[in-house]
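Reader: Could you walk me through a structure and show me how to read its features one at a time?

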Amino acid sequence: MPQHPTQQDQTARIESEAFSDDTRPVPRDRGPVGPDVSGKPAPVAGPSTTPEVPVAEPPSAREAPAAGTPETPAATPEAPDAPPEDDGATQDIRFAPGEAPGDTPPPPAGGATTATDGPAADTGLGSDISAGPGGPGDDGAPGAGAPRRPWWRRPALITPVAAVGVLAAVYGADVLVAGGDIPRNTVVAGVDIGGLSPAAASEELESELAPRVTADHTVVADDVQATLSPATAGITLDVPGTLEAAGDQPLNPWTRLVSVFSDREIAPVITGEDTALAAQVDAIAQQVDRAPVDATIAIDGTTATVVQPQDGRTLDREGAAAAVTDFLAAGGDPSTPIELPVDVTPSAVDAEEAQRVLDATVTPALAAPVTVASQDGGTSVEIPETALAAALAFTPQEDGALAVAVDPARLQEAMGDGFAEFGTPAEDARFEVSGGAVTVVPSVDGTGVDPTALAGQLLEVLPQPAPRSVTAALGPVEAEFSTADAEALGIREEISTFTTNFTSAASGTNIRVAAAELDGAVVQPGETFSLNGYTGPRTTAQGYVEAGVINNGEFTTAVGGGVSQVATTMFNAVFFAGLEDVYHKPHSYYISRYPAGREATVYYDSIDLKWRNDSDTGVLVDTQWTPNSLTITFYGTKRYDIESVSSERFNIRQPVVQEKPDDGSCSPQAGSTGFDITVTRVFRDPAGGAEIKREDFRARYAAEPVIRCVPVADPSAPVPAPAPTPGG
């Protein structure tokens, strides 16, 4: 063990280096030589000023002394900066004048070092005893030797280990206490289920959250307010799924620690049937959707006013469904309306443009009649203000202008036989169906005033003040639709026909009115036919009445109800004629009197039936109505034989049961299952029957809910007294 040198030792070294640099190899550990262990070395012969003596090696500092052998101190302590000693190395030992190698007093018996020993000596007890600061086991007292502490007993290590142990114990106790309960501070849509058992959490969700999800909700889309029934849409709270989403107890220590101070927000799991929800969204869309209305001129009799423009709007159906499900999943309050997204289409013509047309053209046009005279002046006819008002037409332009024109057909209709003074009117060619055969009734050219030419003349003089007159050129008047035009269309044979049946008298009235409007329609090659566009608004003014419709999964009534029967009949005529389906929408709920997957519904201005005549010949629409059936037949040139192949019904969906108070407005429903079905249209060559192509139509029907009307309790009825408690 290193020893601190004394001043005497240092002096001896310096003087020795000054007189002699002769060294003698000696053992590393130094002590008395020979058997004399009294500490007084024997004299050494020789004249050297600084005697060098061999020193016997004592027991090693790394070994305990043999029993009965006294220990001796080292002859010379090492300098602090001496390099580490190696066993077997040589050592330069020198003494100051007058100092003998045995002058250093021996240590006390047992080899212990006392406080008066000065610099600590090598005790020969190995490395477990430290002499001086910085050594192993140093406790901060310079020069004081102390036993070294084991590493696992040091304070710097004991404190954190103890802390970890405490935290581990707390963590284990927390996990043990929580057991299989819902993790603490777990909140589902405002319902706190943290720390509850799964059974208790299930009861809490069933009582607090489930009623909020299934309750009727008010929805708002722009200025339209409607009621949405999640129960009818099959939307419910999936309690087991929600508890599974809440998860088991987290084992991550940090997660458990954070959960003490903050809530765990878990989104509830909502189940629903998307087609049933889509059906309700479609019903709401029927109230929301509208085409943009351009500013124009309305004429009542001879009084003209500006019609204010109105932007169009369309319910974002996908966004609306998402808004509903998100609101319900958040556990929204049923008294809070659900905002539905609406897409807006601005109008093209503004009110200022309409007012300009009214002031510049319409007002002076209706101020006085216009006289039409022959070139020789022998014949004249006056066009009254009412006929002028009926003939005026206004057309919005893409650039925002409102164009004014005189419609020749409307002028001719308004005048009736008024122009007969100038000759005979022309007659257009037409088609006549008899016994399944189609014939062309030829056109007839007329003589007299050409309404088209006259319309242009009138438009020039209408802005002028009265009196106003035009000179009509008399001559032959050609029919607008000639015999040659009719024959060129190739309408010569039946290409499809379809019949549907109905029982409602009110629906039958609406079907008859619509069928009469469609009868005789001719669709040119390449033309797209729109049912809504052809019939126009279906209101009481056109002869329509209230009849049954399905709204939000419930049977109710509306003006024009039953026209979907016309749409379904026409769609099947299109289907079997092999014409192009542009757009059709099946009913949201299946109606058993229609072929599944091969039917269509309409609602004016939002849901339409559109098809395109993609053939090279024309198509004539013929309708036949009876009090309980409708037949629509298409005539043209046959291109295909059509086969319809229906799949089995799949994705069967069961109806939900809905109870409603029997307050006089409740109508019970038996309900029906929902399903998907695919109908394949197979095109075959009429000549040989070879298949040409196939086309699939897939329909998805929502489950129609079962509605039970529950009697309403009479509030005036006495409340029965509770039964007496036994023994009470």
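Reader: Is Thr-678 buried or exposed?

Author: Burial is judged by relative accessible area: under 20% is buried, over 50% exposed, and partly exposed lies in between, using a 1.4 Å probe and protein chains only. Thr-678 has a relative accessible area of 19%, so it is buried. Thr-678 sits in strand β34, residues 674-684; helices (H or I, at least four residues) and strands (E, at least two) are DSSP runs numbered from the N terminus. Please keep in mind that this is a predicted model, where local features need pLDDT of at least 70, side-chain atom pairs count only at pLDDT 80 or more, and totals for chains, interfaces and linings use all residues. Residues are numbered from 1 along each chain as its sequence is written, and side-chain values use heavy atoms, with hydrogens and water left out.

Reader: Which residues is Thr-678 in contact with, leaving aside its neighbours within four places in sequence?

Author: Contact means heavy atoms within 4.5 Å. With those neighbours left aside, Thr-678 touches Val-645, Ser-646, Ser-647, Phe-650, Asp-696, Phe-697 and Arg-698.

Reader: How do I read the protein as a whole?

Author: Start with the element count: 16 helices and 36 strands. Then look at burial, where 38% of the 728 residues are buried. Finally, take the contacts between residues at least 6 apart in sequence: 71% of them join residues at least 24 apart.

Reader: At what angle do helix α14 and helix α16 pack?

Author: Axes are lines fitted to C-alpha atoms, for helices over the stretch in contact, and angles run from 0 to 180 degrees between N-to-C directions. Helix α14 (residues 505-518) packs against helix α16 (residues 563-577) at about 45 degrees, with the axes 8 Å apart. That makes α14 oblique to α16, given that under 35 degrees counts as roughly parallel, over 145 as roughly antiparallel, 65 to 115 as roughly perpendicular and the rest as oblique. On the α14 side, Asn-510, Ile-511, Ala-514 and Leu-518 take part, and they meet Val-563, Gln-565, Val-566 and Met-570 of α16. These contact residues divide into six nonpolar, two polar and no charged; Ala, Val, Leu, Ile, Met, Phe, Trp, Tyr, Cys and Pro count as nonpolar, Asp, Glu, Lys and Arg as charged, and the others, Gly among them, as polar.

Reader: What caps the N-terminal end of α12?

Author: Asp-450 does, with a side-chain oxygen 3.1 Å from the backbone nitrogen of Thr-452. In the loop between α12 and β20 (468-472) you will find Pro-467, which is joined to Ala-466 by a cis peptide bond with omega about 0 degrees.

Reader: Where is Asp-222, and what is its phi?

Author: Asp-222 lies in the loop between β3 (217-221) and β4 (224-228). Its phi is positive, about 60 degrees, although Asp-222 is not a glycine. With a relative accessible area of 48%, Asp-222 is partly exposed.

Definitions and conventions: Polar contact = N/O pair within 3.5 Å; in protein donor to acceptor, adjacent residues only side chain to side chain.
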